[in-house]
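Work through the following exercises with the sequence and the structure at hand. Try each task before reading its solution.

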Amino acid sequence: MLNQVVLVGRLVKDPELKELESGKNVTNITLAIPRSYKNVNGEYETDFIDCVLWENTAKATTEYCKKGDIIGVKGRIESHTYENDEGKNKKETRLIAEKVTFLSSASKEKEEKDNEI
């Protein structure tokens with residue numbers, strides 16, 4: 001059996017590094033990934049995928065990436081069930097990152113576009 005996923009998308013907000021009580025570093029990010037086809041209204045929809053990054057991957061992503069940057073994430077899908085504040089069971093599915101590749105900086109793209117004018 002195989003649980004391996006590769007995603008490429010834009011960061012929806014700046015990554016924030018958190019240190020847990022155990023001393024481990026973690027960053028939670030969300031990737032915006034447009035679908036390659038149009039819906040019945042002729043519009044492209046976007047999926048928002050939550051990803052968890054640990055330790056050095058979390059540190060590097062927080063240091064070098066900002067909202068709007070395009071990154072590639074390789075990892076595995078994890079799902080779990082938890083009880084929310086209202087006492088209802090909820091299922092959450094997310095990608096646990098093993099590797100992140102920095103592909104394009106939104107600020108660099110803007111700078112290059114500004115220089116063209």
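Two residues are in contact when heavy atoms of theirs lie within 4.5 Å. The model used here is predicted.

**Exercise 1. Which residues of helix α1 are buried, and what covers them?**

Solution. 
- Step 1. Locate the helix: α1 spans residues 55–64.
- Step 2. Apply the cut-off: buried means under 20% relative accessible area. In α1 this picks out Thr57, Ala58, Thr61 and Thr62.
- Step 3. Look down the axis of α1. The buried residues fall within an arc of 125°, so they line one face of the helix.
- Step 4. Turn to the other side of α1, where Asn56, Glu63 and Tyr64 are exposed.
- Step 5. Find the cover over the buried residues: it includes β3 (25–38), β4 (44–54) and β6 (89–104).

**Exercise 2. Is Thr61 buried or exposed, and which residues does Thr61 touch?**

Solution. 
- Step 1. Thr61 belongs to helix α1.
- Step 2. Its relative accessibility is 1%, so Thr61 counts as buried.
- Step 3. Leave out residues up to four places away in sequence; Thr61 then touches Pro15, Leu53, Val100 and Phe102.
- Step 4. Check the polar atoms as well: a polar atom of the Thr61 side chain lies 2.8 Å from the backbone oxygen of Thr57.

**Exercise 3. Describe the largest nonpolar core.**

Solution. 
- Step 1. This core has 15 residues.
- Step 2. Those with the most contacts inside the core are Leu31, Leu53, Ile71, Val73 and Leu95.
- Step 3. At least two residues of the core come from each of β1 (5–11), β3, β4, β5 and β6.
- Step 4. Take Val73 as an example. Neighbours within four places in sequence aside, Val73 is in contact with Val5, Val6, Leu7, Leu31, Leu95, Ala97, Lys99 and Val100.

**Exercise 4. Why does Tyr82 count as partly exposed, and what does Tyr82 touch?**

Solution. 
- Step 1. Tyr82 lies in strand β5, residues 70–83.
- Step 2. Beyond four places in sequence, Tyr82 touches Lys88, Asn89, Lys90 and Glu92.
- Step 3. Glu92 is 10 residues from Tyr82 in sequence, and their C-alpha atoms are 7.8 Å apart.

**Exercise 5. How many disulfides are counted?**

Solution. 
- Step 1. A disulfide requires a pair of cysteine sulfur atoms within 2.5 Å.
- Step 2. By this rule the count is 0.
- Step 3. Cys51 is buried at 1% relative accessible area, and Cys65 is buried at 2%.

Key:
Residues are numbered from 1 along each chain as its sequence is written. This is a predicted model: local features need pLDDT of at least 70, side-chain atom pairs count only at pLDDT 80 or more; totals for chains, interfaces and linings use all residues. Side-chain values use heavy atoms; hydrogens and water are left out. Helices (H or I, at least four residues) and strands (E, at least two) are DSSP runs, numbered from the N terminus. Buried means under 20% relative accessible area, exposed over 50%, partly exposed in between (1.4 Å probe, protein chains only). The arc is that of the directions from the helix axis to the C-beta atoms. A nonpolar core is a set of buried Ala, Val, Leu, Ile, Met, Phe, Trp, Tyr and Cys residues joined through side-chain atoms within 4.5 Å. A polar contact is a pair of N or O atoms within 3.5 Å; within protein, one must be able to donate a hydrogen and the other to accept it, and residues adjacent in sequence count only if both atoms are side-chain atoms.
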